[in-house]
Amino acid sequence: RSQKTTARKILLEFQEACDTPLSRLRQVVDAMAVEMHAGLVSEGGSKLKMLPTFVDRLPDGNEKGLYYAVDLGGTNFRVLRVQLGGLEGRVIKQEYEEVAIPPELMLGTSQELFDFIAAELVSFVAREGDDFRLHEGQSREIGFTFSFPVKQTAVNSGTLIHWTKGFKVNDAVGQDVVAALQRGIERRGHKMRIAALVNDTVGTLAGGRYWNNDVMIAVILGTGTNACYVERAENVSKFTGEIPESGQMVINMEWGNFWSSHLPRTFVDELLDNESLNPGEYGFEKMISGMYLGDCVRRVLVKMAQEAGIFGTNVPHKLLEAFSLRTPDMSKMHHDDSSDLKVVAEVLKRVYGIQNTTVGIRKIVVEVCDTLCQRGARLAAAGIVGILKKIGRDGSTANGSVRRNNMFEQGDMNGYHDELPVNYTSDGRTVVAMDGGLYEHYIEFRNYMQEAVVDLLGEGSKNVFIELSKDGSGIGAALLAASHAEHV
Ligand code: ADP
Ligand code: MG
């Protein structure tokens, strides 16, 4: 009788706490733009690290030859080779392999982890067909996608600041990750050159830009979440190096660590954070990304099981296990369109051994998924609009239009618009390259996100295009290896 009523009451309260009306989203947009600015001015000036990547030119299509990429970032590890044929040939041929990262390596030693990567790379190279060819005298050049915060000292060196996303290989922190991989390769008796060390967002940006000159921003929504974008180098006041010739610098925001008092924090976020490997850090990521969304749902269900008995008198013990509900299962339940919600029933049974739920209870489970999916997607949208605002491409610039004749006119309405990016194109289009399993597979998430971007931008949304750039990060790293190679 009252199970459902009590559960509904918990649901309503939770929905209220998660609410992201446009007014609140706009505050998040502004906070993002403000924090970006602060993070560029001084080191430690914001929770947004705003890391200079030393990438000051992006692929333009002229890249030629055979290049490799290695991608370590979350759930899977990938190796890739690509034969590039310049403007005419473009991507002549590419091959990649993907392996799951053995979980024990995520908590082991640096040498074990980098030996594993090196071994996969070496064996991948050994299995190369004759249709892939190096130039005469060319060594194997690699783009290394490493999707954790790194303090770069050059385009191909940098030290790990800290781990995220469930990794904790303590002796790697503070190490040069390029040198570590290089040692792993050499231990196997091979010689290759790591030409570029790139964050996955930067790889996605490069991969997107290779095909489309309007790509200015890249966002990852996968196991974790992050974004990067093209900034005017002179705006990066904390950067002490030489201003690059291009006048541009790609900035890895590490937006997963963004925080603002305007974010709708609930009991779920508090519990999840306290029990995480990095408490107090990466609060934005913990509300948005694939590693955490399913666990947020689980925590609400635990409350409903404990306080309303929705799964019977005993709480199923597996339900109390952290991360037992994976985000793909959450999205499966969310997308259940059968009248009796049999997919929800199937997932609850398979994952938790829960049987005999009523349709009413299953409906509540779907609503919990919907609430958290919507919150995450709308916050991601606000983040994107915050970047657009920072670079003056949110359509709110001085003339009330993003079309303008003077490329360097100041588009400043509120102090946080900077001058327009150097290669601002005349038709005013801006493309955001997206990648990551969450964005790719979780349709409701994608829909909620796009809808919120349009709501936030209004008219300005006509010039903003959000495009899936699938596996762009792998290709992008190889492209950056090509443009930073020793031999051409
Ligand atoms: P990574 O971020 O580890 O490099 P991916 O970009 O492939 O890898 O993203 C994998 C993540 O995407 C998974 O951890 C999962 O959270 C999320 N994901 C994968 N498939 C789905 C799905 N069907 N629905 C929702 N999320 C998914
Ligand atoms: Mg990835």
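Predicted model: local features only at pLDDT ≥ 70, side-chain atom pairs only at ≥ 80, totals over all residues.
Around ligand 1 stand 16 residues, and the closest of them are Gly74, Gly222, Gly290, Gly437 and His441. Sorted by class, the shell has twelve polar and four nonpolar residues, and no charged residues.

In soluble globular proteins, nonpolar side chains tend to be buried together. In this model, the largest nonpolar core has 146 residues. Those with the most contacts inside the core are Phe144, Leu181, Val297, Ala381, Val453, Ala478 and Ala481. Helix α12 (residues 359–390) supplies the largest share of this core, 16 residues. Leaving aside residues up to four places away in sequence, Val297 touches Leu325, Met330, Val368, Cys369 and Leu372.

An α-helix has 3.6 residues a turn, so residues three or four places apart point the same way. The buried residues of α7 are Val268, Asp269 and Leu272. They lie on the same side of α7 because they cover an arc of only 95° around the axis. Glu270 and Asn274, on the other side of α7, are exposed. Where do the buried residues of α7 pack? They pack against α8 (283–288) and α9.

Strand β11 (residues 248–252) presents another arrangement. Five of its five residues are buried, so β11 is largely enclosed by the rest of the structure. In a regular strand the side chains alternate between the two faces of the sheet. For β11, both faces are covered: Gln248, Val250 and Asn252 are buried on one side, and Met249 and Ile251 are buried on the other.

The partners of β11 complete the picture. Strand β1 (residues 51–52) runs antiparallel to β11 and is joined to it by two bridges; here Pro52 stands opposite Ile251. Strand β10 (residues 225–232) is also antiparallel to β11, and five bridges join these two strands. In this pairing, Glu231 stands opposite Met249.

Note on methods: Residues numbered from 1 in each chain as written. Chains lettered and ligands numbered in written order. Near = placed C-beta within 6 Å. Nonpolar A, V, L, I, M, F, W, Y, C, P; charged D, E, K, R; others polar. Core = buried A, V, L, I, M, F, W, Y, C linked by C-beta atoms within 7 Å. Buried ≥ 20, exposed ≤ 12 C-beta atoms within 10 Å, placed from the backbone. Helix = DSSP H or I, 4+ residues; strand = E, 2+ residues; numbered from the N terminus. Contact = placed C-beta atoms within 7 Å. Arc of directions from axis to C-beta. Pairing = 2+ DSSP bridges.
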